[in-house]
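Here is a briefing on one protein chain. Please look over the sequence and the structure before reading on.

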Amino acid sequence: MSFDLKLIGYVHYHAYLYSAYQVEFVIHSVILLPGKRPLVIARGGFTGMFPESSSFANQMAQTLSLPDMATLCNLQLTKDGIGICLSGVTLDNSTNINLVFPKEKKNYTVNGKEVSGWFSLDYTSDQLFNNVSLVQNVLSRSSMFDLQAPISTVEDVTGIKPAQFWLNVQYDTFYTQHKHSPATFVQKALRFMGINYISSPEIGFLKSMVGKVNKVKTKLIFQVLGADEIEPTTNKKYSSLLEDLASIKSYASGILVPKEYILPVKADKYLGAPTTLVSDAHKQGLEVYASGFSNDLISSYNYSYDPSQEYLHFIDNSQFSVDGVLTDFPPTASEAIGCFANNKQVKPAKGNPLIITKNGASGIYPGATDLAYQQAVNDGADIIDCSVQMSKDGVAFCLDSADLMGATTVITSFISRSTVVQEIQPNAGVFSFDLTWSEIQTLKPQIATVFKDFPRNPAYKNSGKFVTLAEFLEFAKAKGASGILINIQNAAYLASKKGLDIVGSVTTALSNATFDKQSTQSVLIQSDDTSVLSKFKSVPTYKRVLYIEERVGDAPKQSVEEIKKYADAVAITRGTIIEVTAYFTTDFTSVVEEFQKANISVYVYVLRNEYITLAFDYFSDPIVEIATFVTGIGVDGIITEYPGTASNYIRSPCTNTDKPEYNILPVEAGSLLSLVPSEVQPPAAAPLPPLDSADVADPPLPPVANISTASSPVAEAHPPSASISFANVAKMDLSLMAIMVLSLLSMLN
């Protein structure tokens with residue numbers, strides 16, 4: 001099957017999904033924002049996935065975006081005057097022309113700067129179309145679709161009949177100097193094709209078009225470049241030109257500006273105060289379009305790696321809303337505008353999967369701290385979790401791992417206590433059960449980092465307080481959380497080697513907090529040890545969750561029946577549910593279906609926002625992954641470090657209504673990879689093993705050894721007075737803003 005035929009099948013599949021969900025594509029059927037809905041402008045189609053302005057980039061953008069989306073073509077001219085669509089004045093970054101014509105590199109002066117490369121004006125259209133192919137021009141994106149499509153002409157793009165067409169004339173002065181006239185090309189094009197927007201960074205070109213376009217049908221837009229770049233007509237900096245918006249109004253209907261002109265990002269990657277540009281331009285009757293949106297470029301820590309949140313900062317705030325956004329990922333812009341804007345008060349419908357935290361909102365604050373738990377509650381998590389660890393003197397507290405090196409600053413104070421505990425992990429660590437609670441309290445929490453180049457909220461890297469189990473339970477009750485998850489680790493080792501009864505500590509703490517005597521708040525007991533889960537069978541209101549760390553490809557009936565003896569639910573990895581090869585999804589396993597047939601709930605872990613953790617099929621958008629597990633697979637719960645992102649999806653009207661404005665479609669495993677020619681597809685991964693029933697049941701827990709310690713055990717119900725007053729934080733009901741302000745003041749002092 002040819003690539004184009006595969007693409008048609010992919011497009012038709014998604015079009016079918018829209019039909020199946022009974023989506024009514026009426027452009028203005030629902031107005032989500034004051035006035036006209038912001039416009040989604042696709043830069044060269046879906047360039048976040050496919051080479052710019054290729055037929056498949058443009059078709060996919062149309063299929064997966066709001067129906068009034070505008071397709072933008074960056075105009076270049078060939079030697080014989082044909083208009084083609086590619087960003088930049090050279091072709092070597094977006095095509096393979098440097099390999100086709102390796103000795104024809106040239107130098108030109110472009111707007112006062114020397115530029116080296118391969119230029120379209122040196123080649124006829126036949127030379128380009130018959131020899132040159134498109135490639136992805138952002139190195140972090142998949143190269144699997146390179147060399148599969150020719151350069152597109154302006155007529156090619158308008159030929160697929162986009163709802164709106166936007167032509168950006170990038171280099172009028174340069175082409176005019178070389179005996180080409182973009183103005184003449186545009187005037188001819190207006191006779192034969194619908195052009196809704198014409199933009200240019202050159203004032204001279206825009207002024208030449210005044211009176212030559214029908215203002216009702218076509219808007220002229222002034223494209224503003226970097227603040228210190230020089231506009232060739234006036235020889236003024238673009239930043240200074242924005243000081244005279246009234247003058248711009250004389251030749252343009254609006255401005256297209258880099259997003260930083262509206263919401264500056266400071267050197268520390270946090271947002272600065274918004275400017276007044278949007279409101280000032282609107283007062284002059286100018287529309288404002290923001291550019292530079294991309295899911296796979298790190299922007300500001302304020303967005304917590306959720307690209308939909310960035311769009312909402314520009315379209316859904318109390319101060320302003322831009323008139324449109326220029327993006328490489330039009331599906332994400334569409335979901336932000338069509339689903340998430342102006343729905344903060346929408347409550348999730350009953351029957352939705354549970355949002356379960358992983359160490360609280362650990363993507364925003366250090367995990368398992370008071371700040372992480374408060375943020376999780378604010379973000380709408382259903383179940384907040386505590387992975388219980390034990391100190392040397394018997395205090396149960398919340399932290400992701402018994403090894404303190406990842407989540408605390410222990411390495412600076414107690415590196416001499418480092419040891420290897422093979423029963424827990426192969427590498428050396430400093431373990432909580434080797435330090436007293438008072439020693440642990442001298443440490444600071446430390447926010448987790450998934451990858452080195454993706455830091456999380458670094459301004460709060462060491463903020464927050466450690467939380468004892470008793471304090472966690474009191475907080476959960478005070479805040480009215482729907483439920484709690486208690487994760488119990490290393491019970492056998494702690495009992496036999498350290499003389500610590502973690503199961504007893506948890507049982508006592510839950511009883512003291514009366515969780516065993518009520519049913520209003522759910523209690524989930526999670527462990528990878530079936531013997532631990534058996535200890536909680538006597539409390540019928542507790543739901544037992546078996547944590548399965550290994551990836552498996554099948555859950556045979558015998559294994560499922562064995563698990564059912566010990567657990568009401570399982571927590572399984574993403575890779576157990578959706579197989580991924582070379583960052584492409586390849587298949588859905590039947591594991592979820594097999595467990596659910598046995599009335600065993602399935603929770604998937606762990607979901608993160610960072611695009612580096614996502615398969616290409618999810619479009620660098622964590623919302624699409626959530627939609628796939630929730631709508632496509634039907635899991636009973638998602639375990640996430642970013643509960644706010646999951647909550648945004650669950651409470652969205654696009655999730656809770658029969659006829660949404662926009663559908664966030666789940667992934668069809670393998671469909672994107674099927675577009676890649678077989679000769680360049682990655683080799684198939686080895687099949688995953690099935691879940692073995694012999695590996696399910698664990699041996700009985702050993703008795704708690706009588707091991708004396710230098711310090712007397714501390715009763716869990718009464719933690720030392722030096723610990724944080726977490727209960728008081730809960731009772732005072734401090735808002736997140738207050739906590740942040742207090743933390744900031746302490747930092748400044």
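Cysteine 654 is buried, with a relative accessible area of 8%. The model behind this value is predicted. Cysteine 654 is joined to cysteine 339 by a disulfide, S to S 2.1 Å.

- The link bridges distant parts of the chain, with its two cysteines 315 residues apart.
- Cysteine 339 sits in helix H13 (residues 330–340), and cysteine 654 sits in helix H25 (residues 653–656).

**The other disulfides**

- The protein has three disulfides by count. Counting bonded cysteines along the chain, their pattern is 1-2, 3-6, 4-5.
- Cysteine 73 is bonded to cysteine 85, S to S 2.0 Å. Cysteine 73 belongs to strand S2 (residues 70–77) and cysteine 85 to strand S3 (residues 83–85), so the pair ties together parts twelve residues apart in sequence.
- About the S-S bond of cysteine 73 and cysteine 85 the torsion is about -95 degrees, so the disulfide is left-handed. Both cysteine 73 and cysteine 85 are buried.
- Cysteine 386 is bonded to cysteine 398, S to S 2.0 Å. This link is left-handed, with -105 degrees about the S-S bond.
- Cysteine 386 lies in strand S15 (residues 383–390) and cysteine 398 in strand S16 (residues 396–398), twelve residues apart. Both cysteine 386 and cysteine 398 are buried.

**Overall make-up**

- The protein has 27 helices and 24 strands.
- Of its 749 residues, 56% count as buried.
- The accessible surface comes to about 30800 Å². Carbon and sulfur atoms hold 52% of that surface.
- Among contacts with a separation of 6 or more, 73% join residues 24 or more positions apart.

**Nonpolar cores**

- The largest nonpolar core holds 173 residues. Phe222, Phe472, Ile486, Leu510 and Phe595 touch the most other members.
- Helix H23 (residues 622–633) gives the most to this core, with seven residues.
- Leucine 510 touches Leu473, Ile484, Ile486, Phe515, Asp516, Val523, Ile525, Phe536 and Tyr542, leaving out residues up to four places away in sequence.
- A second, separate core has 13 residues, including Val395, Leu399, Ala407 and Ile440.

**Strand S11 and its partners**

- Strand S11 (residues 254–258) is mostly covered, with five of its five residues buried.
- Strand S8 (residues 219–223) pairs with S11 in the parallel sense over three bridges. In this pairing, glutamine 223 has leucine 256 of S11 as its bridge partner.
- Strand S12 (residues 287–293) also pairs with S11 in the parallel sense, over five bridges. Valine 257 stands opposite alanine 290 in S12.
- From S11 the chain crosses through helix H11 (residues 277–283) to S12. This β-α-β crossover is right-handed.

Note on methods: Residues are numbered from 1 along each chain as its sequence is written. This is a predicted model: local features need pLDDT of at least 70, side-chain atom pairs count only at pLDDT 80 or more; totals for chains, interfaces and linings use all residues. Side-chain values use heavy atoms; hydrogens and water are left out. Buried means under 20% relative accessible area, exposed over 50%, partly exposed in between (1.4 Å probe, protein chains only). Helices (H or I, at least four residues) and strands (E, at least two) are DSSP runs, numbered from the N terminus. Two strands pair if DSSP finds at least two bridges between them. A crossover is right-handed if, with the strands pointing away from the viewer, the path from the first strand over the helix to the second runs clockwise. Contact means heavy atoms within 4.5 Å. Accessible areas come from the Shrake-Rupley method with a 1.4 Å probe; for residues, only the protein chains shown count as cover. A nonpolar core is a set of buried Ala, Val, Leu, Ile, Met, Phe, Trp, Tyr and Cys residues joined through side-chain atoms within 4.5 Å. A disulfide is a pair of cysteine sulfur atoms within 2.5 Å.
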